[in-house]
Amino acid sequence: MFRPAVTRQAVKALNQSTRPAALAATPRHFLRPISTTVPRAQKDDKEDPFAKATTKAPEGAAGEHEGKYARTDESVVIEYPDDAHMPPSPVVQGRGGMHFKRTLAQFSLENRVTLVTGGARGLGLVMSQGIVASGSNLAIVDLNKEEAEDSAKKLVEQFQKENPGLEELPNVTAHYADVSNPESVNNALSEVISKHGKIDHLVTSAGFTENFDAINYPYDRMQKLWGVNVDGSYLFATGVAKHLMERKAPGSIVMIGSMSGAIVNVPQPQAPYNAAKAAVRHLASSFAVEWAGQDIRVNCISPGYMLTALTRKILDENPDLRDKWISLIPAGKMGVPEDLMGAVTFLLSDASKYITGADLRVDGGYTLT
Ligand SMILES: NC(=O)c1ccc[n+]([C@@H]2O[C@H](COP(=O)([O-])OP(=O)(O)OC[C@H]3O[C@@H](n4cnc5c(N)ncnc54)[C@H](O)[C@@H]3O)[C@@H](O)[C@H]2O)c1
């Protein structure tokens, strides 16, 4: 392993000072003078609070600060709510209107059809708005078809409000699928293709997280979590890629991972989710390589803590958790779903034509520290 010259000199000097008397008689003038300060590694000060807090210290030696901000807390248990307790997700306003500022044409998604899984609410719904505002037609696919239909309707109404006088409205449709079920995925893909004629882009946003400590994680919940987050992303990505290959058409896919695929969140324990999102990120890289020759790009977006209706509800009920999360974000605040509009449009559009297999972190710098 690399050792800087100064360290080598210091070690040499220490050896000189501790060697046997016969050798110690050797003249020392050829040694380069170095600092005579006792190296820090040699220090064994039992009162030094930093020394106490090293891994050499017995458990508890560093008092209540030991690992305080870097450990999971098994008492944090958050279950994914059922539909009856799910807060509604409004479509966002004032972001999608026609504008007359110069913008690079490559960012446009005009004449494209984009399928967004999990688009009925949350991040998927707001990304859908960004995609429609950028010119694409849209198919929302969700487990909750009723909510998907309602969101599709509201999305078009909002678009109309922000673009008065526009003659041609975007074609936005809603479809049912359980993304973790291959048959359901195939049915949804056929339905979307029959309604829109084709699919050019895919965003896999269907996914969820829950918090249980690893040892007590209910096994059926863990399987469900992996089924939706991992299998769901896999099944839709391969289904859309197959369709693009059959058409011999280029395409672009964005898979929604999470910063949790790169770091371990604290304090809430969520081992299966973290592993699932790491899998999503690496699936995107693997698909990117497999399909590069067919002009199909696959990238991943890894959001940090985003303030959706659901996270807002959870954090309103757990203000301590909110404070801990925010204290760990260099930007000093959580993201809002609108922060993903530009990121997803960029990765779907020709503006990112030579980008494939990338992981775009939209996390306010969380994963940097
Ligand atoms: N909100 C955040 O802070 C955050 C951070 C990082 C990553 N993410 C990821 O972003 C994605 C969207 O999260 P969100 O916060 O918008 O969640 P959300 O719960 O608000 O929305 C998820 C949507 O997916 C749908 N869905 C769930 N299971 C499904 C299934 N089996 N088949 C089809 N649809 C299904 C739900 O009905 C819902 O409409 C998820 O993959 C999540 O892991 C979220």
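What is the handedness of the crossing of α6 and α7? I looked it up and found a right-handed crossing. A crossing is right-handed if the near helix is turned clockwise from the far one by less than a right angle, and left-handed if anticlockwise.

**Ground rules.** This is a predicted model: local features need pLDDT of at least 70, side-chain atom pairs count only at pLDDT 80 or more, and totals for chains, interfaces and linings use all residues. Residues are numbered from 1 along each chain as its sequence is written. My helices (H or I, at least four residues) and strands (E, at least two) are DSSP runs, numbered from the N terminus.

**Entry: the sheet.** I traced seven strands in an open sheet. Their order is β3-β2-β1-β4-β5-β6-β7, and the pairing is parallel. Here two strands pair if DSSP finds at least two bridges between them. β3 (172-176) and β7 (359-362) stand at the edges with a single partner strand each, so one side of each has no neighbour in the sheet. On average, neighbouring strands are turned by 20° against each other, direction ignored.

I then checked one pair. Strand β2 (residues 137-142) runs parallel to β3, and five bridges join them. Val141 has His175 in β3 as its bridge partner.

**Entry: helices on the sheet.** α7 packs on the sheet and touches β1 (113-117), β4 (201-204), β5 (251-256) and β6 (296-303). The direction of α7 makes about 180° with that of β4. Helix α8 (residues 271-291) also packs on the sheet, touching β5, β6 and β7. The direction of α8 makes about 165° with that of β6. I took axes as lines fitted to C-alpha atoms, for helices over the stretch in contact, with angles from 0 to 180 degrees between N-to-C directions. Contact means that the C-beta atoms of two residues, placed from the backbone, lie within 7 Å.

**Entry: α6 and α7.** Back to the opening pair. The axes of helix α6 (residues 182-196) and α7 come within 10 Å and cross at roughly 40°. The two helices are therefore oblique to each other. Angles under 35 degrees count as roughly parallel, over 145 as roughly antiparallel, 65 to 115 as roughly perpendicular, and the rest as oblique. From α6, Pro182, Val185, Asn186, Leu189 and Ile193 meet Leu235, Phe236, Gly239 and His243 of α7. I sorted this contact into six nonpolar, three polar and no charged residues. Ala, Val, Leu, Ile, Met, Phe, Trp, Tyr, Cys and Pro count as nonpolar, Asp, Glu, Lys and Arg as charged, and the others, Gly among them, as polar.

**Entry: α7 and α8.** These axes come within 9 Å and cross at roughly 15°. α7 and α8 are therefore roughly parallel to each other. Their crossing is right-handed. Residues of α7 in the contact include Trp226 and Tyr234, and those of α8 include Phe287 and Trp291. By class I found 15 nonpolar, two polar and one charged.

**Entry: α4 and α11.** The axes of α4 and helix α11 (residues 341-348) come within 8 Å and cross at roughly 55°. That makes α4 oblique to α11. The crossing is right-handed. Val126, Met127, Gln129, Gly130 and Ile131 of α4 make the contact with Met341, Val344, Thr345 and Leu348 of α11.
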